[in-house]
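Here is a short note on the salt bridges in this model. Please read it alongside the coordinates.

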Amino acid sequence: MASIIESAWTYLITNFSDFQLTCLGGFVLHESVFFLSGLPFLLFERAGWFGKYKIQKKNNSPAAQEKCITRLLLYHFCVNLPILIGSYPVFKFMGTRSSLPLPSWKVISTQIIFYFILEDFAFYWGHRILHTKWLYKHVHSVHHEYATPFGLTSEYAHPAEILFLGFATIIGPAITGPHLITIYLWVSLRVLETVEAHSGYHFPWSPSNFLPLYGGSVRYLITFRNHPFVFICFQVNYISEIAIIVPRADFHDYHHRLLYTKSGNYSSTFVYMDWIFGTDKGYRKLKSLKENERFEAVGKEM
């Protein structure tokens with residue numbers, strides 16, 4: 001596998017310049033990953049497929065979906081691409097290289113884990129700032145035009161927001177000066193994560209069900225009082241607390257459903273920052289109420 005990747009990379013650096021690989025190659029990679037991962041969710045919504053996994057019952061109109069795609073193409077080619085080209089000297093100053101040898105998987109994985117942690121921290125605070133009254137009204141409200149998000153709405157935002165929150169994505173590579181292949185992988189994973197968070201669906205195979213500390217793997221405690229419940233594998237007469245898993249897409253979907261400046265759930269990848277600073281209280285309360293109602297209904301049926 002390593003030899004195949006190295007052979008493919010040798011072909012790229014032989015036939016394309018460092019500038020082409022960094023700027024144009026990065027842009028093509030981003031567009032490919034973004035639209036190939038985001039368009040299926042638009043199709044699911046239009047066709048009504050996987051309805052039982054959809055978080056909200058409401059659907060976006062075809063006109064709203066088309067508006068999103070048109071605006072995205074405009075922003076990507078007229079904002080993102082020029083910024084990427086103009087940032088090439090910055091990439092070189094960071095120490096980014098495309099030459100052989102390729103970094104080891106240990107180096108790549110360590111750097112990307114660091115990028116996710118740092119990006120999540122920076123994004124949380126940047127996102128909270130965007131939810132202050134003036135910035136929300138004049139900048140961030142564009143992103144919140146879609147109260148029922150689908151994958152492609154993840155990058156539907158005001159150009160100023162693209163610049164502002166883009167800093168969170170680039171700060172990690174700026175510190176470490178990684179190989180270009182590491183940046184390619186980082187951008188791909190970050191795009192896949194944000195598309196999944198805005199997908200509007202929570203599937204059994206969603207990453208949040210399996211990855212430690214990722215959105216859905218943080219457990220919140222909800223309290224039940226004086227309710228007898230029977231579970232599949234064991235019977236209990238009283239439950240004081242029970243842990244529930246928070247799906248990643250549902251976590252961010254809640255953020256979009258509330259169209260005001262203090263909706264909470266500001267994190268991008270993980271959810272511990274919201275938990276630490278209490279900006280997920282509304283979400284936790286809602287989940288607790290829903291779980292109480294569900295278990296009360298089960299208790300009455302027993």
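1. Start with R46 and E66. Their side chains meet in a salt bridge, 3.4 Å from N to O. A salt bridge here is a side-chain nitrogen of Lys or Arg within 4 Å of a carboxyl oxygen of Asp or Glu. R46 lies in helix α2 and E66 in helix α3 (residues 62–86), so the pair ties together parts 20 residues apart in sequence. Helices are DSSP runs (H or I, at least four residues), numbered from the N terminus.

2. Both partners are partly exposed: R46 has a relative accessible area of 46%, and E66 stands at 44%. The cut-offs are under 20% for buried, over 50% for exposed, and partly exposed in between (1.4 Å probe, protein chains only).

3. On basis: this is a predicted model, in which local features need pLDDT of at least 70, side-chain atom pairs count only at pLDDT 80 or more, and totals for chains, interfaces and linings use all residues. Residues are numbered from 1 along each chain as its sequence is written, and side-chain values use heavy atoms, with hydrogens and water left out.

4. The salt-bridge count is six. One of them joins D18 and K92 at 3.0 Å, N to O. D18 sits in helix α2 (residues 18–47) and K92 in helix α4 (residues 88–94), 74 residues apart. K92 is partly exposed, at 39%.

5. Buried or exposed: what is R190? R190 is buried, with a relative accessible area of 10%. R190 forms a salt bridge with E119, the closest N and O atoms being 2.9 Å apart. R190 is in helix α8 (residues 180–197) and E119 in helix α5 (residues 105–130), 71 residues apart. E119 is buried too, at 0%. A network of salt bridges links E119, R190 and E193.

Key: Helices (H or I, at least four residues) and strands (E, at least two) are DSSP runs, numbered from the N terminus.
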